[in-house]
Amino acid sequence: MKIIAFAGSNSSVSINKMLATYAASLFEGADVEILDLNDYEAPLYGIDIENKIGQAEQAVQFLLKLKSADIFVLSLAENNGNYSVAFKNIIDWCSRIERDFFNKKPMLLMATSPGRGGGSLVLEIAKSNLPRFDSNVKAVFSLPSFEYNFNQETSTISNAELDSELKKAVKIVQEAAQN
Ligand SMILES: Cc1cc2nc3c(=O)[nH]c(=O)nc-3n(C[C@H](O)[C@H](O)[C@H](O)COP(=O)(O)O)c2cc1C
């Protein structure tokens, strides 16, 4: 089982990347690859630049990685209640090449933020928007108050209840991928 995990963030210290990395580590017997949107930084999407360059090479490379996945682990940063610019930009470029890039592979969809909302607004947007790209979200998990609930020294969730909730979500996604 190949897991492609990434954060919808371009922060070099992304808390969503930390959560995605931890969540991916909970899958049994999986081959995990963590992507970083900084490695696929395409120019800001616009029709003029698309007419000029055609397909952004970064999006082509990103799509190749997505194609290798049996399972997706995605944790979205919430910026003003919405996707980060980095995430929106790469999916806009990808959508101009092919629209079904999540390929119905089981997905664990997550978000975390420093606030008590835990990225709940971006999760609502993603739940209605990602199916456009053939997503197959099997479980959703939100980690509120990241600094309080995630131990950055051990890279694990410190709140036992939330940790158990995540582990249940991982199990659901893993079982969906095996069936
Ligand atoms: C422009 C901007 C807007 C933000 N808007 C929200 C928001 O709507 N809700 C929220 O919970 N956090 C918001 N935050 C805080 C982010 O959740 C925080 O920066 C978090 O670390 C982003 O995730 P990342 O570290 O994975 O990039 C915002 C931060 C920025 C810079």
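This report covers the ligand site, a helix pair and several loop residues of a predicted model.

Local features need pLDDT of at least 70, side-chain atom pairs count only at pLDDT 80 or more, and totals for chains, interfaces and linings use all residues. Residues are numbered from 1 along each chain as its sequence is written, and side-chain values use heavy atoms, with hydrogens and water left out.

**Ligand site**

| Side chain | Ligand atom | Distance |
|---|---|---|
| Ser14 | oxygen | 2.6 Å |
| Glu78 | nitrogen | 2.7 Å |
| Ser113 | oxygen | 2.9 Å |

Ser14 also caps the N-terminal end of helix H1 (residues 15–25). A side-chain oxygen of Ser14 lies 3.2 Å from the backbone nitrogen of Asn16. Helices are DSSP runs (H or I, at least four residues), strands likewise (E, at least two), both numbered from the N terminus. The buried residues of H1 are Ile15, Asn16, Leu19, Ala20, Tyr22, Ala23 and Ala24. Buried means under 20% relative accessible area, exposed over 50%, partly exposed in between (1.4 Å probe, protein chains only).

**The loop between S3 and H4**

Asn80 lies between strand S3 (71–76) and H4. Its phi is near 50°, a positive value in a residue other than glycine. Most residues other than glycine have a negative phi. Is Asn80 buried or exposed? Asn80 is exposed, at a relative accessible area of 85%.

Ser84 belongs to the loop between S3 and H4. Ser84 counts as buried, because its relative accessibility is 5%. The Ser84 side chain reaches the backbone nitrogen of Phe87 at 3.1 Å. Beyond neighbours within four places in sequence, Ser84 is in contact (heavy atoms within 4.5 Å) with Gly8, Ser9, Ala77 and Asn79.

**Helices H3 and H4**

H3 (residues 57–67) and H4 (residues 85–95) pack at about 85°, with axes 9 Å apart. Axes are lines fitted to C-alpha atoms, for helices over the stretch in contact; angles run from 0 to 180 degrees between N-to-C directions. The two helices are therefore roughly perpendicular, the class for 65 to 115 degrees. H3 brings Gln58, Ala59, Phe62 and Leu63 to the contact, and H4 brings Ile90, Trp93 and Cys94. These residues divide into six nonpolar, one polar and no charged. Ala, Val, Leu, Ile, Met, Phe, Trp, Tyr, Cys and Pro count as nonpolar, Asp, Glu, Lys and Arg as charged, and the others, Gly among them, as polar.

Ile90 of H4 is buried, at 2% relative accessibility. Not counting residues up to four places away in sequence, Ile90 touches Leu37, Tyr40, Gln58, Ala59 and Phe62.

Ser155 sits in the loop between strand S6 (150–151) and strand S7 (156–157). Phi of Ser155 is near 55°, a positive value in a residue other than glycine. Ser155 is partly exposed, at 39% relative accessibility.

Glu147 lies in helix H6 (residues 146–149). Glu147 is partly exposed, at 49%. Glu147 and Ser158 are eleven residues apart along the chain, and their C-alpha atoms are separated by 9.8 Å.

Terms used: Parallel < 35°, antiparallel > 145°, perpendicular 65-115°, else oblique. Polar contact = N/O pair within 3.5 Å; in protein donor to acceptor, adjacent residues only side chain to side chain.
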